[in-house]
2 protein chains.
Amino acid sequence: MVVQKIHEDGSSLGEEHKIVDRIYSAVMQQTLAPMTKLSESTICESFGVGRMKARRALLLLASQGIVELRSNRGAFVASPNQKDADEVFEARIHIEPSLTAQVAERIDAQGLKALTEHINKEKTAHLAENRQEIIRLSGEFHVLIATVSENGFLTRTLRELVTRTSLIVAMFGSGKPSCCRDDEHEKILEAIEARDAGRASDLAKEHLEHIRLDLDFTKSHKTEPDLVSLLRAD
Amino acid sequence: MVVQKIHEDGSSLGEEHKIVDRIYSAVMQQTLAPMTKLSESTICESFGVGRMKARRALLLLASQGIVELRSNRGAFVASPNQKDADEVFEARIHIEPSLTAQVAERIDAQGLKALTEHINKEKTAHLAENRQEIIRLSGEFHVLIATVSENGFLTRTLRELVTRTSLIVAMFGSGKPSCCRDDEHEKILEAIEARDAGRASDLAKEHLEHIRLDLDFTKSHKTEPDLVSLLRAD
DNA sequence: CAGAAAAAGATTGTTAACAATTTATGTCAA
DNA sequence: TTGACATAAATTGTTAACAATCTTTTTCTG
């Protein structure tokens with residue numbers, strides 16, 4: 001009897017997406033700093049894949065602005081400048097308040113449960129003072145809003161924006177943990193629970209502006225390239 | 001004497017982007033229909049590149065939802081379904097009215113000139129009854145709004161949304177040319193010229209809703225659905 | 001003739017070797 | 001010691017060959 005490997009969906013790109021997601025997560029929880037070099041051999045060894053798949057993963061990451069490819073030099077974690085930061089926050093302020101309002105209007109019990117559980121996780125992480133987890137969950141809250149809206153395109157867009165925001169905070173964050181005040185997330189959830197679209201929208205916008213105000217573009221860039229061993233597969 | 005090829009910027013991906021842009025344009029002016037197969041050899045011959053670059057271009061197109069990759073079967077121009085269409089229009093209605101309002105507030109003389117010239121091109125194409133040009137320019141107007149806002153991220157996002165919209169219209173368009181009424185574009189431009197952000201936003205939203213209403217999801221897909229491949233057990 | 005099975009052909013996926021370029025190392029002179 | 005220069009090593013870019021899978025054609029059987 002021959003056991004045949006089945007692709008549940010006809011689409012290719014199985015392992016590449018795992019690599020991309022892993023690097024996404026690492027950037028989101030700031031274990032991968034801007035400008036860190038991601039050599040092909042590193043990816044190959046870390047994930048146990050051939051060079052081809054490593055290159056495809058890096059190309060995908062580059063197409064999403066998470067990684068920068070330089071000719072004959074390799075791939076580096078992106079290091080956004082102030083203009084990049086302005087664009088990202090401008091885009092988020094165009095999208096997220098409106099999206100949050102829509103979620104407040106249309107969310108169902110299942111979506112509310114998902115958001116509530118997420119907020120609880122954030123609280124737990126805060127109590128445990130688990131910084132990486134706090135940062136990761138804080139970003140993922142915004143992606144979860146899009147997920148709950150059941151719009152695949154916006155979910156993907158927001159994942160990209162949030163990841164880039166993580167890089168921006170790594171570059172220009174003022175250090176104060178105020179950017180992670182989860183009570184703002186909680187208040188947004190309360191507005192959604194109350195089906196108050198206007199308030200949810202306003203709170204979302206204010207929240208983004210608070211994050212934006214915590215940035216400091218005056219001082220020179222933080223550049224401390226870290227090791228990539230954290231990426232190593234389970 | 002040796003002439004050395006210089007890369008003006010350090011980023012790789014020179015020719016791949018040309019291929020991607022060409023296919024983008026072809027989809028936008030509906031020269032490339034949904035479900036059309038894009039074999040590697042076709043790309044190689046059409047653009048005079050090696051298989052590697054063809055594959056990279058197809059991967060980039062797939063990461064943007066313009067092309068669908070199927071394992072061992074190749075790349076096909078995407079064929080959005082109704083859910084995809086809903087997501088795209090939902091996203092556009094979240095983004096474009098807000099973006100158009102911002103443009104109305106902040107546009108400068110140079111931006112106004114660009115928009116005005118574009119509208120003139122649209123009028124010329126209409127008088128010449130050049131259908132492909134009409135369709136292409138009609139879509140590009142929306143991208144131009146983002147370009148004028150000088151937000152690279154949103155420009156890229158809108159280019160993707162507009163291209164997908166073109167595929168959606170190819171699949172579900174009711175055939176009537178009302179979707180191409182450029183007078184709506186002209187009215188949006190007038191609102192922008194008048195610095196009337198509220199009206200510009202409303203007109204942009206109405207315009208998108210008009211396009212949306214011209215779709216007909218009841219009849220079967222225009223492009224003959226390949227039932228054989230749909231029934232194939234995976 | 002219809003349908004299924006088998007063979008041939010074409011296309012995609014992967015690997016490995018090679019070429020081109022960059023980066024690191026070593027040598028030598030001032 | 002420092003700096004320039006040459007060499008060696010390492011990394012990326014490309015090509016070609018091979019393997020695996022799918023598609024088409026042919027052949028065979030009922």
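Copies are superposed by least squares on the C-alpha atoms of residues with pLDDT of at least 70 in both.

**Entry 1. Conventions**

I note that this is a predicted model, in which local features need pLDDT of at least 70, side-chain atom pairs count only at pLDDT 80 or more, and totals for chains, interfaces and linings use all residues. Residues are numbered from 1 along each chain as its sequence is written, while chains are lettered from A and ligands numbered from 1 in the order in which they are written.

**Entry 2. Relation of the two protein chains**

A rotation of 180 degrees, with 0.0 Å of shift along its axis, places chain B on chain A with an RMSD of 0.0 Å. The two copies are thus related as by a two-fold rotation axis. Which residue of chain B comes closest to the rotation axis? I found B:I95 there, its C-alpha at 2.9 Å.

Helices (H or I, at least four residues) and strands (E, at least two) are DSSP runs, numbered from the N terminus.

Ala, Val, Leu, Ile, Met, Phe, Trp, Tyr, Cys and Pro count as nonpolar, Asp, Glu, Lys and Arg as charged, and the others, Gly among them, as polar.

**Entry 3. The DNA strands**

I counted a residue as near a strand if its C-beta atom, placed from the backbone, lies within 6 Å of it. Eleven residues surround DNA strand C, the closest being A:G50, A:N72, B:S39, B:E40 and B:G74. The surface near DNA strand C has one nonpolar, eight polar and two charged residues. DNA strand D is also surrounded by eleven residues, and the closest are A:S39, A:E40, A:G74, B:G50 and B:N72. By class, the surface near DNA strand D holds one nonpolar, eight polar and two charged residues.

**Entry 4. Domains of chain A**

Domain bounds come from an automatic or database domain assignment. Chain A is divided into domain 1 (15–79) and domain 2 (82–213). I read 25 Å between the C-alpha centres of domain 1 and domain 2 of chain A. Across the boundary, 14 residues of domain 1 of chain A are in contact with twelve residues of domain 2. The side of domain 1 that touches domain 2 has seven nonpolar, seven polar and no charged residues.

**Entry 5. The sheet of chain A**

Two strands pair if DSSP finds at least two bridges between them. Chain A has an open sheet of three strands in the order β1-β3-β2, with antiparallel pairing. Its edge strands are β1 (37–38) and β2 (67–70), each of which pairs on one side only. Two bridges join β1(A) to β3(A), and A:L38 has A:A75 as its bridge partner in β3(A). Four bridges join β2(A) to β3(A), and A:V67 stands opposite A:V77. β2(A) and β3(A) form a hairpin with three residues between them, and A:N72 in the turn has a positive phi of about 60 degrees.

**Entry 6. Two residues of chain A**

Is A:A75 buried or exposed? A residue is buried if 20 or more other C-beta atoms lie within 10 Å of its own, exposed if 12 or fewer, and partly exposed in between, with C-beta atoms placed from the backbone. A:A75 is buried, because 26 other C-beta atoms lie within 10 Å. A:A75 is in strand β3 (residues 74–77) of chain A. Leaving aside neighbours within four places in sequence, I found A:A75 in contact with A:L38, A:L58, A:A62, A:V67 and A:L69.

A:Q64 is in the loop between α3 (51–63) and β2 of chain A. A:Q64 counts as buried, with 20 C-beta neighbours inside 10 Å. A:Q64 and A:R164 are 100 residues apart in sequence and 9.2 Å apart in space, C-alpha to C-alpha.

Methods
Contact = placed C-beta atoms within 7 Å.
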